[in-house]
Amino acid sequence: MGNEELIEISKNYDYWLRSKKPKDDRVLDAVGKVERKEFLPDFSKEFAHMDAIAEIGYGSVSSQPSLIALIADLLEIEDDLNILEIGTGSGYSAALISHLMGIGKGNLTTIEIVPQLAKLAKANLEKHFGSISSMINVVVGDGSLGYIDNAPYDRIYLTAAVDIRRFDPKILVDQLNEDGILIFPEMTTNSLFIYRKSSGEVKEEKHEGVFFVPLKGNNS
Ligand code: SAH
């Protein structure tokens with residue numbers, strides 16, 4: 001199976017079938033620009049072109065590409081945004097989002113709690129983009145509390161699931177700009193929560209039927 005087939009699978013993902021098409025056509029282009037094999041260790045490369053999670057070691061995984069594409073679509077990415085990703089893993093999702101941002105336009109900070117994975121992701125991203133562009137900043141730490149150093153953000157998204165009974169979204173909402181968007185998967189409802197900040201208020205939306213690995217840390 002080649003990357004074109006991965007694009008076809010992503011096109012047919014349940015969410016897009018229900019809503020007919022991705023809002024942002026550029027998302028499929030971005031899926032096509034990132035060869036997932038480059039982001040997977042040898043023992044997982046055979047899963048690169050399947051719309052399935054793949055193990056990357058250190059107890060972590062590379063998420064289903066269609067779920068990353070779904071988040072990318074919901075993020076409504078434009079040029080010149082300041083974005084925070086929580087849960088870098090292999091760096092695959094950071095690469096995909098960076099293509100949507102347009103190289104050199106805006107900033108992406110991605111935070112990973114496992115230092116070995118942050119190092120691996122950095123190497124993967126450097127390989128993918130030639131040399132890591134100054135727009136992508138891989139940091140090690142507990143992203144459940146956000147990353148105050150580069151706040152405020154226009155977009156914050158998590159690629160690991162919180163438990164809504166323990167997680168306090170306010171900590172992350174406070175690191176969002178006005179008109180910012182926060183997206184996080186939630187494990188008890190298997191949903192993606194989308195928070196939109198506007199005129200000091202936060203509106204909540206939910207998309208059901210998503211599965212992510214659990215978030216660790218002090219606010220998970
Ligand atoms: N975004 C990646 C990885 C998804 S798996 C991809 O799409 O392939 C989720 C990642 O979140 C794992 O690598 C895990 O180690 C990391 N993680 C879990 N809890 C975290 C936390 N509190 N802060 C930062 N990273 C965390």
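**Entry 1: the whole chain**

I started by reminding myself that this is a predicted model. I then looked up the secondary structure and found seven helices and nine strands in the protein chain.

Which pocket does the ligand take up? I found that its space is the largest pocket. Two elements give two or more residues each to the shell around the ligand, namely β2 (60–62) and β4 (107–112). The largest share comes from β2, with three residues.

I sorted the residues of that shell by type. Eight are nonpolar, twelve are polar and three are charged.

**Entry 2: who touches the ligand**

There are 23 residues around the ligand, and Ser60, Gly87, Ser93, Glu112 and Lys216 come nearest. I looked at three of these by atom pair.

- Ser60 has an N or O atom in its side chain that is 2.7 Å from an oxygen atom of the ligand.
- Glu112 also uses its side chain, with a polar atom 2.6 Å from an oxygen atom of the ligand.
- Lys216 uses its backbone, where a polar atom is 2.7 Å from a nitrogen atom of the ligand.

How much of the ligand does the protein bury? Taken alone, the ligand exposes 580 Å², and the protein buries 99% of that.

Most residues other than glycine have a negative phi, and most peptide bonds are trans.

Where is the cis peptide bond? I found one running from Ala151 to Pro152, with omega near 5 degrees. Pro152 is in the loop between β5 (136–140) and β6 (153–158).

Tyr58 is not a glycine, yet its phi is positive, at about 55 degrees. I placed Tyr58 in the loop between β1 (54–57) and β2.

Ser199 is not a glycine either, and its phi is positive at about 50 degrees. Ser199 lies in the loop that runs between β8 (191–198) and β9 (201–208).

Note on methods: Residues are numbered from 1 along each chain as its sequence is written. This is a predicted model: local features need pLDDT of at least 70, side-chain atom pairs count only at pLDDT 80 or more; totals for chains, interfaces and linings use all residues. Side-chain values use heavy atoms; hydrogens and water are left out. A residue is near a molecule or strand if one of its heavy atoms lies within 4 Å of it. A polar contact is a pair of N or O atoms within 3.5 Å; within protein, one must be able to donate a hydrogen and the other to accept it, and residues adjacent in sequence count only if both atoms are side-chain atoms. Accessible areas come from the Shrake-Rupley method with a 1.4 Å probe; for residues, only the protein chains shown count as cover. On a 1 Å grid over the protein atoms alone, a cavity is a set of points where a 1.4 Å probe fits but cannot get out, and a pocket is an open set with protein on both sides within 12 Å along at least five of seven lines; lining residues have an atom within 4 Å of a point. A molecule sits in a cavity or pocket if more than half of its atoms lie within 2 Å of its grid points. Helices (H or I, at least four residues) and strands (E, at least two) are DSSP runs, numbered from the N terminus. Ala, Val, Leu, Ile, Met, Phe, Trp, Tyr, Cys and Pro count as nonpolar, Asp, Glu, Lys and Arg as charged, and the others, Gly among them, as polar.
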